[in-house]
Amino acid sequence: MRSKLQMIVLLFLSNFFLNCELVLNQGLADGFQGDPLLLKLVADQNEKNILAIRCWQGTVEETAKRRGIDGAKIQSRRQIDFALDRQKDAWLWKIHWLEFSSSNGIKLLSSEPLNPEGGMIKENAYYVLFPYSPSSKRKHFTIRPIEEYKRGRDEFTPMEFFAADIGEATYKRIGALYAQAMIGGAKSWTVSRVEDIVHVSTRGEILNHYEVDLSKGANVVRYSADDGRLSEEIVTEYEAIDGLWLPTRRVHKQGHFDGTASFHLEYKMKTTGINHSMVESTISLESLGAVAGDKITDRRDGSERRFGQ
């Protein structure tokens with residue numbers, strides 16, 4: 001059952017910017033094209049919007065389609081309920097599998113929707129709820145060191161929708177680029193502005209392009225990349241909710257130019273609460289579905305216990 005969750009593989013770009021101290025000297029931006037202060041404007045406005053999020057609850061529906069190099073096609077649909085408390089650096093996600101199917105040639109293989117699974121980050125620990133069968137009398141949770149958390153197919157955080165691409169938050173990525181430009185780096189980059197849209201792009205064999213909308217929280221509304229082998233595009237829509245610009249839809253596409261493999265991810269997000277009073281039990285094992293008698297394994301010390309006992 002767990003293997004099905006690994007069928008769709010997301011390609012993560014490495015973080016290629018290093019945080020460095022800002023040096024206020026425009027004259028050192030040798031090779032950089034455009035006004036570096038546009039980058040600072042983006043970073044400052046985006047940071048203001050993101051850091052204003054204190055608590056956030058909602059639901060995401062994810063539709064994924066993938067074609068592998070062997071010709072197999074995979075499609076899935078999931079609903080992800082989440083709760084985030086940034087003040088406590090805690091969040092919870094619960095995944096409901098709505099659809100899963102795979103095909104190889106003309107043969108279609110379908111599976112029953114999987115039972116809920118999920119996880120939680122709280123008090124410097126990583127909690128995991130494993131998939132379980134309807135006939136199972138007990139669910140199984142594990143507690144892992146926080147260092148083992150790494151965003152993958154089985155993990156989720158709503159803050160990923162504020163990433164410049166699929167890495168750091170926009171204000172961190174663009175802020176680091178600004179810092180580089182101010183000390184003579186970022187020589188292959190160009191920045192320009194057309195009304196509310198700021199364009200940030202590279203020049204050379206590897207192309208990266210960010211379109212930032214200053215009227216929408218200085219969020220990246222479109223990212224595209226091309227290295228001559230792969231192309232990638234991420235388009236995100238935002239809506240003003242209680243004074244903050246929050247994501248409502250994202251489409252992420254990637255494909256090989258030779259047509260051998262591709263994937264298409266679409267997310268539709270509904271915010272049910274923003275910066276409201278969040279009770280302690282919202283982010284808890286009970287909210288993940290734990291009931292008395294469920295098994296809990298603590299990988300930090302190797303102990304086992306039953307929930308509520």
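K40 is partly exposed, with 28% relative accessible area. Its partner in a salt bridge is D44, and their closest N and O atoms lie 2.8 Å apart. Please keep in mind that this is a predicted model.

**Charged pairs**
- Side chains of opposite charge can pair when their charged atoms come close.
- The count of salt bridges comes to 18.
- Helix α1 (residues 37-51) holds both K40 and D44, which sit four residues apart, about one turn of the helix.
- D44 has a relative accessibility of 39%, so D44 counts as partly exposed.
- K122 and E280 also meet through their side chains in a salt bridge, at 3.1 Å from N to O.
- This pair links distant parts of the chain, 158 residues apart: K122 belongs to strand β5 (residues 117-122), and E280 to the loop between β14 (262-274) and α3 (285-288).
- K122 is buried at 15% relative accessibility, whereas E280 is partly exposed at 45%.
- D165 and R173 form a salt bridge at 2.8 Å between the closest N and O atoms, and both residues are buried.
- A network of salt bridges links E211, R222, E233 and K253.

**T236**
- T236 lies in strand β12 (residues 230-241) and is buried, at 4% relative accessibility.
- Its side chain makes a polar contact of 2.8 Å with the side chain of R250.

**A169**
- You will find A169 in the loop between β7 (140-145) and α2 (170-182).
- A169 has a relative accessible area of 18%, which is under 20%, so A169 counts as buried.
- Beyond its neighbours within four places in sequence, A169 contacts I50, F162, A163 and A164.

Notes: Residues are numbered from 1 along each chain as its sequence is written. This is a predicted model: local features need pLDDT of at least 70, side-chain atom pairs count only at pLDDT 80 or more; totals for chains, interfaces and linings use all residues. Side-chain values use heavy atoms; hydrogens and water are left out. Helices (H or I, at least four residues) and strands (E, at least two) are DSSP runs, numbered from the N terminus. Buried means under 20% relative accessible area, exposed over 50%, partly exposed in between (1.4 Å probe, protein chains only). Contact means heavy atoms within 4.5 Å. A polar contact is a pair of N or O atoms within 3.5 Å; within protein, one must be able to donate a hydrogen and the other to accept it, and residues adjacent in sequence count only if both atoms are side-chain atoms. A salt bridge is a side-chain nitrogen of Lys or Arg within 4 Å of a carboxyl oxygen of Asp or Glu.
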